[in-house]
Amino acid sequence: MAPRGQGKRLAQLLGQQLKQYVSEVRGISSGNASGARGALGGAEQPVARQGVMQQQTRSNAQVAVQQAVQQQIKVVVPAIRTDLVGAVSMVSEGEKVEPGVFKNIDGHRFDDGRYQAFIEEITKFIPKERQYTDPVRTFAYGTDASFYRLNPKLVVKVHNEEEVRKILPIAERLKVPITFRAAGTSLSGQAITDSVLIKLSHTGKNFRNYTVHGDGSSITVEPGLIGGEVNRILAAHAKKNKLPITYKIGPDPSSIDSCMIGGIVSNNSSGMCCGVSQNTYHTLKDMRVVFMDGTVLDTADPASCAAFMKSHKALVDGVVDLARRVQADRELTALIRRKFAIKCTTGYSLNALVDFPLDNPIEIIKHIIIGSEGTLGFVSRATYNTVPEWPDKASAFIVFPDVRAACKGASVLRNETSVDAVELFDRASLRECESNEDMMRLVPDIKGCDPMAAALLIECRGQDEAALKARIEEVTRVLTEAGLPLGAKAAEPQPISAYPFHHDQKNAKIFWDVRRGLIPIVGAAREPGTSMLIEDVACPVDKLADMMIDLIDMFQRYGYHDASCFGHALEGNLHLVFSQGFRNKDEVQRFADMMEEMCYIVATKHSGSLKGEHGTGRNVAPFVEMEWGSKAYDLMWELKALFDPNATLNPGVILNRDPDAHMKFLKPSPAASPIVNRCIECGFCESNCPSRDVTLTPRQRITVYREMFRLKQLEASGAASEAEKKQLAAMSNSYAYDGEQTCAADGMCQEKCPVKINTGDMIKALRAEAMTEAKTASGTAMFLARNFGLINAAVPKFLNIVDFAHSIVGPKPLAAISRALNAATNHFVPVWNPYMPKGAAPLKVPTPAPVPAAAAGIPRRVVYMPSCVTRMMGPAAGDKETASVHEKIMSLFAKAGYQVIIPEGVSSQCCGMMFNSRGFKDAAAAKGADLEAALLKASENGKIPIVMDTSPCLAQVKSQISEPSLRFALYEPVEFIRHFLVDKLEWKKVRDTVAIHVPCSSKKMGIEESFSKLAGLCSHEVVPSGIPCCGMAGDRGMRFPELTGASLQHLNLPAGCSDGYSTSRTCEMSLSNHSGINFRGLVYLVDEATSPKKTASA
């Protein structure tokens, strides 16, 4: 067995020797090798021209290559080890870990006093509450979307550039490595560390400033803003100023609604539509970057640039010298230009050394920083040149009988059209489409397509309808002239007209939703205990078919039968998605073998990029030299030494001397709970979570729970070490507050989760488990459920007493007393605030009356089920409104001529949510069953529509009813008014501007648009709150006010807005408290804005 490095070189030489042999079959000219690394290149002859003998020869050549590769570069995994946090590593030959001895290598960064010294120094300007060393926060905050795990010794939440400026020189002097973290959606292991993690995400309003310039054609942003958020800011700017063109940032990664600007810049992210030309490298105008010594360079400020040229002359001269050497080397320059003609994020942005003149070193430095993954400096601000977001779009889904035809189609579209996006689907991807009813409706011949069938999802855009039409005609003409076979089955060819462009964005959205869903589909279907891996490769488009066929063959041979190959065909960029376990040596060995062959296939055989857009990270750092050759690789090390000579910034990322680094610190995925086993830890959920700035996010709750489960298993089997037992005890203690108590459990995480996990369900299950052991509490809950009428009668009186006390003693004493009681009772007693409600007015149950009839003779009847919240809680004391919610709804029904039916025993009814959210499942089920029976009777088994005035209560009822006939009879106020009352009332606009907050439950029911439209009938301008979840979660936000405080700090209402509306009374209390204006039920606004129809019929 050859040594690993030698084995790679032998394989590359073998590739050179086989080149002539293979070219006889595939029509590939011998071409030039790239650097010291062999590369196959050239144009392929059409498959139709190859005879049986050629196919056989090709097959023999492939077998020879595969056998040689397997013999020469197979890496033997002698053993694996698992560390304290469960990470699995290959044990390299000769590797020796010396506890207590610090080495700047992953797994060897032991504290020899430097970390304590670091903490002491930064504490002078960063308070202890923003420094985390406990096992839960370090483990949770240290987790990212990659399949690697390193646990930081310290996590520091920074609030501004000045803090970073102070931290970096301290870290440099004490030789404490640091890693920056934004959203943590990176996939290659570039945002993890076992040293110090500097976290700028989930720090409130910090690092979230922006300035839109002029018409929106440029925007300055800070690194804590989410990419999709920036696009919404630009869209709002265009709408507010009535601008003719709406702009967006160029990069459009699939994680754009979760990833942050910091990561987009540091990884040079691209995406489905931006290609190479609109990535950060090509669209970034200026940046502010903090260097290792704390110096800030603002490339938009001439004075800053001039000062930097003087103070950092050695760095500037070094960069210019590198650029001069590269530009004088025609072969190296050609290699760099060829590499960056396609997507490439492997290594540093060497194109900066050839794209800019030697007399403009600032531009060179600025572009070297892009894609450097936090290894050269910290970008604290970026200015983008934005790109137009054309309003006219159309998409087509075109199926081909084989991969070659599809890839040839992508190639001609790239070369001969100005098409905007082309996405490639392999056969495994199409298999998922077969189970999608909408896809089968739009593209029916997908069903039962050929074994090597593939498809192209094509999008054309235009500044107007005429421009769009011209682009579509161009695409159709070029594909027709190419003479490519079309159709899912070779035996059943189809005309191109069988795959029309869809202008209706509802249909187009079906195509793109399927494309975005391919990764989570694989993740959701994987075997419990395995991780989902995503590799990201690219090659020249004319080689895409060959590379794809080779990769499909490789996956089959290694037993990755769930693997899927799809991606951005226009750029030759494929995403390889598959599941992989790291539970034993054999699984790690399989991964090692697959990685070696994949890198050979992509980098050496097809002259491609091992990372097209996901960044090098740790994942392919050992293979950078294989892809780039020794000359370019050595240049990268020189760049690193110029900017960060002591390897303080994110060491081990992009460049790594350990050839086995990609097989170390692999993240396990223990099967801890059926509710969350499908979690791929992507982090998409985090921006919807109300506790993200105060404790943990859904991803973090799941990953800590998984680790606790792993440790419990070890303890139960007697295999746990003392350190592991201590770790479990500490985690369990912290998780009670961080994980369980501060989870709103509202399920908004599910709305952004690609595999639709509701982390709230996991937390509710934990609460239920705890309550089954707490017999006294469970018994008390059941007693209250059975005697709910007592609560219904008592609470309004109690609220009026508190309101009276407020009027006597004032707000400060009440707030102080309630805070003290809250602390003394472990958050059982709510914390009072000035927007606490008075008691609700008694519900007036109408007496039965003759049924009025509409013009068509249909009775206007409605069952109204006021929630227990609105029966008990009225408006706040300072609100100009004095009527309760149920009085306003009854007024609307009366205006529209509806007979109102109130269910029997209404004062004792409750949906059960207040019990369910606390884990009292039996009490919740009992109340739910009682309410269902009452609603069935009142609605005549679902024949009469039922209105529940509180959206969360309706959602709870819908989730637990057993009678199907009720499901379609239930409405919350917004939907009922839109469907039944809009045409029965006169409307007028009674406000200039109102704010609306759509509750979590309403968002999940899909009524955001209806909510906004209904408010728009009553007001000239409607401003959404922009808050995914307010964090109230019933009364949890009153008992844990830090939860609502963290969520609603992001509430930003316009100055002229004096009214806010929602459909959840408890949410309205919290929104009022944090906005300073009264939020109330939307029915208040509708009642004020409406009157009976002047010509209403009976």
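The side chain of lysine 339 reaches the backbone oxygen of glycine 608 at 2.9 Å. The model is predicted, with local features needing pLDDT of at least 70, side-chain atom pairs counting only at pLDDT 80 or more, and totals for chains, interfaces and linings using all residues. Residues are numbered from 1 along each chain as its sequence is written, and side-chain values use heavy atoms, with hydrogens and water left out.

**Lysine 339**
- Lysine 339 lies in helix H11 (residues 330-339); helices (H or I, at least four residues) and strands (E, at least two) are DSSP runs, numbered from the N terminus.
- Lysine 339 is buried, with a relative accessible area of 3%; buried means under 20% relative accessible area, exposed over 50%, and partly exposed in between (1.4 Å probe, protein chains only).
- Not counting residues up to four places away in sequence, lysine 339 touches Cys344, Gly608, Ser609, Glu627 and Trp628, where contact means heavy atoms within 4.5 Å.

**Domains 1 and 2**
- The protein is divided into domain 1 (210-388), domain 2 (390-614) and domain 3 (780-844 + 859-1092), with bounds from an automatic or database domain assignment.
- The centres of domain 1 and domain 2, taken over C-alpha atoms, are separated by 29 Å.
- About 1,700 Å² is buried between domain 1 and domain 2, and carbon and sulfur atoms give 51% of that area; buried area is the accessible area (1.4 Å probe) that two parts lose on being put together, summed over both.
- Met272, Ile342 and Lys343 supply 38% of the area that domain 1 buries against domain 2, more than any other three residues.
- Between these two domains the count is 1 salt bridge, defined as a side-chain nitrogen of Lys or Arg within 4 Å of a carboxyl oxygen of Asp or Glu.
- The side chains of lysine 343 and glutamate 613 meet in a salt bridge (2.8 Å, N to O).

**Nonpolar cores**
- Phe397 and Phe591 touch the most other members among the 108 residues of the largest nonpolar core; such a core is a set of buried Ala, Val, Leu, Ile, Met, Phe, Trp, Tyr and Cys residues joined through side-chain atoms within 4.5 Å.
- Helix H20 (residues 585-605) contributes the largest share of this core, 11 residues.
- Another core, of 59 residues, lies apart from it and includes Ile219, Val289, Tyr384 and Trp628.

**Helix H15**
- Helix H15 (residues 427-434) is mostly covered, with 6 of its 8 residues buried.
- Among the elements covering the buried residues of H15 are strand S14 (392-400), helix H16 (437-442) and helix H18 (505-525).

Technical notes: Polar contact = N/O pair within 3.5 Å; in protein donor to acceptor, adjacent residues only side chain to side chain.
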